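Student: I'd like to go through the chain contacts and salt bridges in this one. Can we take it question by question?

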Amino acid sequence: MIHVENLAKSFTLHTQGSAVIPVIAGAGFTVAPGECVALTGESGAGKSTVLRILYGNYLAQGGSVRIGGVDITRAEPREILRLRRETLGYVSQFLRVVPRVPTLEVVAEPLLALGRPEAEALDRARELLARLRIPERLWSLSPTTFSGGEQQRVNIARGFAHAYPALLLDEPTASLDAVNRETVLELIEEAKAGGAAIVGIFHDLAARARVADREVDVSAFTPGAA
Amino acid sequence: MSGTDYNFAYLDEQTKRMIRRAILKGVAVPGYQVPFASREMPMPYGWGTGGVQVTAACLVPEDRLKVIDQGADDTTNAVSIRKFFQKTAGVAVTERTAEATVIQTRHRIPELPLTEDQILVYQVPIPEPLRFLEPSEVETRKMHALEDYGLMHVKLYEDIARHGEIATAYAYPVKVEGRYVMDPSPIPKFDNPKLESAALQLFGAGREQRIYAVPPYTRVVSLDFEDHPFDPSKAAHPCALCGAEDSYLDEVIVDDAGGRMFVCSDTDYCAGRREAAA
Amino acid sequence: MTPLLEVRGLTKAYGGRIGCAEVSFTLWPGEVLGIVGESGSGKSTLLNCLAGHLAPDAGQVIFDTRGEGPRDVLAMTEPERRMLGRTDWAFVHQNPRDGLRMRISAGGNVGERLMAVGARHYGEIRAQAADWLARVEIAEGRIDDRPSAFSGGMQQRLQIARNLVTGPRLVFMDEPTGGLDVSVQARLLDLIRGLVRRMGLSAIVVTHDLAVVRLLADRLMVMKDGRVIETGLTDQVLDDPQAPYTQLLVSSVLQA
């Protein structure tokens, strides 16, 4: 489902004397449907960078990333947009939403963007919010006013609203209590069982051990380290 | 010559030719405002300089001229314009609608149906029906050219929203021959149905330098909404002098105690009816 | 699928000074394209050329019309272009005063486009106006009030209702949230996003506010000195800008 080959990424800092900072070289791995791969490596090794390239958020300088038949590194923006809508989900560490939109709609939005009926989308959103223990009285409020943990759970609910065939997770269990952590792990396991190919970053070692089938050490892709 | 030092009908022949060309163009494109080089006339703007120039360009020595102001032949404006042409053109004058060959009017159409051998000349203050909605002349000309008339209905919409009905009572906009939206000059909307006439109707705006025309038997439709159709209403009284129930009425205050009466605004029509009854 | 709008080599100069030069891009149905750049970068010139308010010196603006498929808008006759401007196209000005008739009631403002395309039933026009006022969250009781009695945010929402009432497919927006309080901006952004999604609109949004494009635009075009210097997915351009100027632009903004 996800094929990464010979991926290279560097940043050119034009505002700082055009310094070129290579961050990734020769990265390659594959994730099959129903499989979860954990990216490991020290802080700064480039785990988040890899995840962002996979989502099309960062441009790669070389190599290829094929997800569901589309090479993200070369695709037109509208192909990536369609891929993100239909195939590729992403749970980031930060919730970025229009300030005034109610939580329920934030969670339902991925389904509405797919053209699903509003009632169905809202039902699914209610189900996920209830499962992640967001109190019902908060559903009509904007999540921008929520605590960090609540925002993270809204973000997860949104990320799991649609059954994406490919899913990217950036520390999905960070800042969650034990009960909610358990729920998120169950969601991940269910997604796997449903055939999703998952790439994740987990600092929570126990969580990683439970859901990840394999680990890919990103340090191996650090230029100059080889 | 008419026994004075003036050229026939005051204007020189070149100017009359120029005005006739504008009139012909107006007749050819009904409802379209034709620009023309309006001349200074020996009367102030607002006193009918546009109508006077059109009349001057139309008159021939055999014509019989009638001039009315608000339907009456005996008001200052009507009297002075009639005298002007008596003096400068030496034409015959009349107060009888049926006898006139050229009628210059301000704010009314005679009650008596006009005929094919008559010309009705209107004095027009503001020829542009879109003016109060769109101040730019460049833009209004474009709107006419492109038949972009949504704005005209916005005005009628505003009327209904504000007053529950189309409250525009005079200068009620019309569409001429299915093409140009036209301001019929400040005639009461009661007169609008009479714009479809056997006579040639010419409109002259002196200050604004525009001439336009409605040729005989041209279709003239008052703008309206399907659920608020055009209604040429009038005061619900008969004329206190002649008893007419089908004519446009003026409300006249008759004493200091608030006494009032409704009488025909068309003085010739009223007088004719009373003569016939006597 | 046919692109909704295809722009090729659009160029406009003011005397010797470049307004915009050699701008080409494709807009697909349902997409929101953001155009960013500082004042004088040519983004407003570009928008006005696209919308037919300015005549470009060269280039093509090919729009997928309902009746006849893709046609170069610049080669259309003025009546055709005007018809497009009040049916399939809409333009939301930064200053609502430029896009509203301030002496006409809110209902009349919304109804104008309907009447311009031939609506002649007062009751139906009014019902549609009321429906649209509700959609942009203006109380029905304000339908006969003039926009001059409205707040800035309400005026902007009224302008949007007035533009969208004929169900356009392409909306041009020039700094739609400029000049509004931050809280009012958020409400407006939410409204625009909802309308874009529900009506399947495509939009071209010119702004210098990067926070606005991040929330509104799918794709981004960065302009400098009249030229497009970078394009891409909105989040990609903002998070991993490539051109020196874009890097400067992004790094100069306080994090939103």
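Student: How much area do chain A and chain C bury between them?
Tutor: Keep in mind that this is a predicted model. The size of an interface is often given as the accessible area lost when the parts come together. Of that area, 54% is on carbon and sulfur atoms here, and the total that chain A and chain C bury is about 2400 Å².

Student: And how many residues of chain C are in contact with chain A?
Tutor: Contact here means heavy atoms within 4.5 Å. On the chain A side 26 residues take part, and on the chain C side the number is 27.

Student: How many salt bridges are there between chain A and chain C?
Tutor: Take C:Asp235 and A:Arg84 as one pair: their closest N and O atoms are 2.8 Å apart, and they form a salt bridge. The cut-off is 4 Å, so that pair qualifies. Between chain A and chain C the count is six.

Student: Which element supplies the largest share of the side of chain A that touches chain C?
Tutor: At least two residues each come from β1 (2–13), α2 (77–86) and α3 (103–113) of chain A. The largest share is five residues, and it comes from α2(A).

Student: How many residues on that side of chain A are charged?
Tutor: The side of chain A that touches chain C has 13 nonpolar residues and six polar ones. The charged residues there number seven.

Student: Moving to chain C, what separates C:Arg81 and C:Glu78 along their helix?
Tutor: These two side chains meet in a salt bridge, 3.6 Å from N to O. Both sit in helix α2 (residues 78–86) of chain C, three residues apart, so the separation is about one helical turn.

Student: Is B:Asp268 buried or exposed?
Tutor: B:Asp268 forms a salt bridge with B:Arg96, with the closest N and O atoms 3.7 Å apart. The two lie 172 residues apart, B:Asp268 being in helix α6 (residues 267–277) of chain B. B:Arg96 has 36% relative accessibility and counts as partly exposed. The cut-off for buried is under 20%, so at 13% relative accessibility B:Asp268 counts as buried.

Key: Residues are numbered from 1 along each chain as its sequence is written. Chains are lettered from A and ligands numbered from 1 in the order in which they are written. This is a predicted model: local features need pLDDT of at least 70, side-chain atom pairs count only at pLDDT 80 or more; totals for chains, interfaces and linings use all residues. Side-chain values use heavy atoms; hydrogens and water are left out. Helices (H or I, at least four residues) and strands (E, at least two) are DSSP runs, numbered from the N terminus. Buried means under 20% relative accessible area, exposed over 50%, partly exposed in between (1.4 Å probe, protein chains only). Buried area is the accessible area (1.4 Å probe) that two parts lose on being put together, summed over both. Ala, Val, Leu, Ile, Met, Phe, Trp, Tyr, Cys and Pro count as nonpolar, Asp, Glu, Lys and Arg as charged, and the others, Gly among them, as polar.
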